[in-house]
Amino acid sequence: MNPPLILDSHLDLAFSALQLNRDLTQPAATVRVHDPVETMESFGSCTVTLPELRRGRVGIVCATVMSRIDPRDRATRTGMYAQSQCHGVGRGHLAYYQALERAGHVRICRTLAQLDETAALWESAEVGADGSGPPVGLVLAMESADPILGPDQVPEWHALGLRMVSLSHYGRSTYSHGTATEGGLRPPARPLLEALREAGIVVDVTHLTDQAHRELFEIYDGPVCASHHNCRALTPGQRQLTDDMIRDIAGRDGVIGAAFDSWMLDPGWRRDLQAWEQPSGATLQSVADHIDHVAQITGTSRHCGVGTDLDGGFGAEQAPRDLNTIADLQSLVPILRDRGYGEEDLTGILSGNWLRLLRGNWRD
């Protein structure tokens, strides 16, 4: 019997390929050899490539286009002065996915039928020891809505495959204040939210400030999720969800993807040190703790998922210490089984909950 299908709700694949110059068609070990020292020191050891995804049976991913207004950004090279630049970066990320699709490495799911076909394919797919196998399914997501130039452009992005959007990232975007800032939604947010709801695009609350989170739930009644978020009760800090926020998302039948960044898992992680200067206190058991907390708060595993954000600006040194690459995600299965999760719960956490949310709101 094949290991279960995993759907990862947040991977910055195009950022890793274009901003970090990584060939994601190669194994992670090869990319690590190719990476220059400055990339290794700043972003760590590569954990996500297409062969590693296949080896872990991560057959569907929400792959981001990512750029934000942030003139001070010197690290990621995705922070821009103007929204027009953000649009250009975002379309560049999409063009990369289209090139991968042309070469047969991935399949962008633009219709519900394509999503269903990809999920069915991966239920029985054969994967070689080298990571060869079927195309990985991509659901197009956006981290910070700055690449959307206005609500009138939402149908165009939808036609290109966009199915999930967060309003903000770090700093203050066109539409909202985000991580490491204080403030709420900005005036352009309301018409954008109306356009996203009309298109059936799920709004991702990840990276919203506490105020922006509250305001969004006051003015918006459409589908929501948290693509890569953990629990503030376990790891303090603005970047995490409070228990009330978790209940907000569950109240809309949303899903929360557990993130794998050590600073979101290990309360003792020091952001003033380089990742390679400190050992991570996080393990896959820590990830399970956050999944478990969401299930306990909501009384069900229905709202639990996996949204690793692996290679989202960090590498193996800043991931759970018992994970080398994303291929190791299958190690979560026995951990969750040991905690009493049955097969239906496991299927939901690993892929089914995200598929339910997407299918319930998908408009071709």
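The model is predicted: local features need pLDDT of at least 70, side-chain atom pairs count only at pLDDT 80 or more, and totals for chains, interfaces and linings use all residues. Residues are numbered from 1 along each chain as its sequence is written, and side-chain values use heavy atoms, with hydrogens and water left out.

- Buried stands for under 20% relative accessible area, exposed for over 50%, and partly exposed for what is in between (1.4 Å probe, protein chains only).
- Helices (H or I, at least four residues) and strands (E, at least two) are DSSP runs, numbered from the N terminus.
- Which residues does Ile148 touch, not counting residues up to four places away in sequence? They are Gln83, Met142, Gln153, Val154, Trp157, Leu162, Val165, Tyr175 and Leu192, where contact means heavy atoms within 4.5 Å.

**Rings and charges**

- The structure holds two aromatic pairs. Rings of Phe, Tyr and Trp (its six-membered ring) pair if their centres lie within 6.5 Å; planes under 30 degrees apart count as stacked, over 60 as edge-to-face and the rest as tilted.
- Phe15 and Phe43 form an edge-to-face pair, because their ring planes stand at 70°, with the centres 6.0 Å apart.
- This pair ties together parts that are 28 residues apart in sequence, because Phe15 lies in helix α1 (residues 13-19) and Phe43 in helix α3 (residues 37-43). Both Phe15 and Phe43 are buried.
- Tyr96 and Tyr97 have ring centres 5.9 Å apart and planes at 55°, so this pair is tilted. Tyr96 is buried at a relative accessible area of 15%, and Tyr97 is buried at 1%.
- The charged end of Arg91 sits over the ring of Trp157, 5.4 Å from its centre. A charge sits over a ring if NZ of Lys or CZ of Arg is within 6 Å of the ring centre and within 35 degrees of the ring normal.
- Arg271 has its charged end over the ring of Trp263, 3.9 Å from the ring centre.

- On a 1 Å grid over the protein atoms alone, a cavity is a set of points where a 1.4 Å probe fits but cannot get out, and a pocket is an open set with protein on both sides within 12 Å along at least five of seven lines; lining residues have an atom within 4 Å of a point. Grid points are joined across faces, edges and corners, and a volume is the space filled by probe spheres set on the points.
- How many cavities of 30 Å³ or more does a search of the whole structure find? There are three, and the largest cavity holds about 50 Å³ of space.
- Residues lining the largest cavity include His229, Cys231, His290 and Cys304. Elements giving two or more residues to this lining are β10 (256-258), α11 (284-298) and β11 (304-306).
- Helix α3 supplies the largest share of the pocket lining, six residues.

**Single residues to look up**

- Thr39 is in helix α3 and is buried at 10% relative accessibility. Leaving aside neighbours within four places in sequence, Thr39 is in contact with Arg22 and Gly44.
- Ser144 is not a glycine, yet has a positive phi of about 80°. Ser144 is found in the loop between β6 (136-143) and α7 (154-159), and is buried at 0% relative accessible area.
- Asp253, also not a glycine, has a positive phi of about 60°. Asp253 is in the loop between α10 (243-251) and β10, and is partly exposed at 26% relative accessibility.
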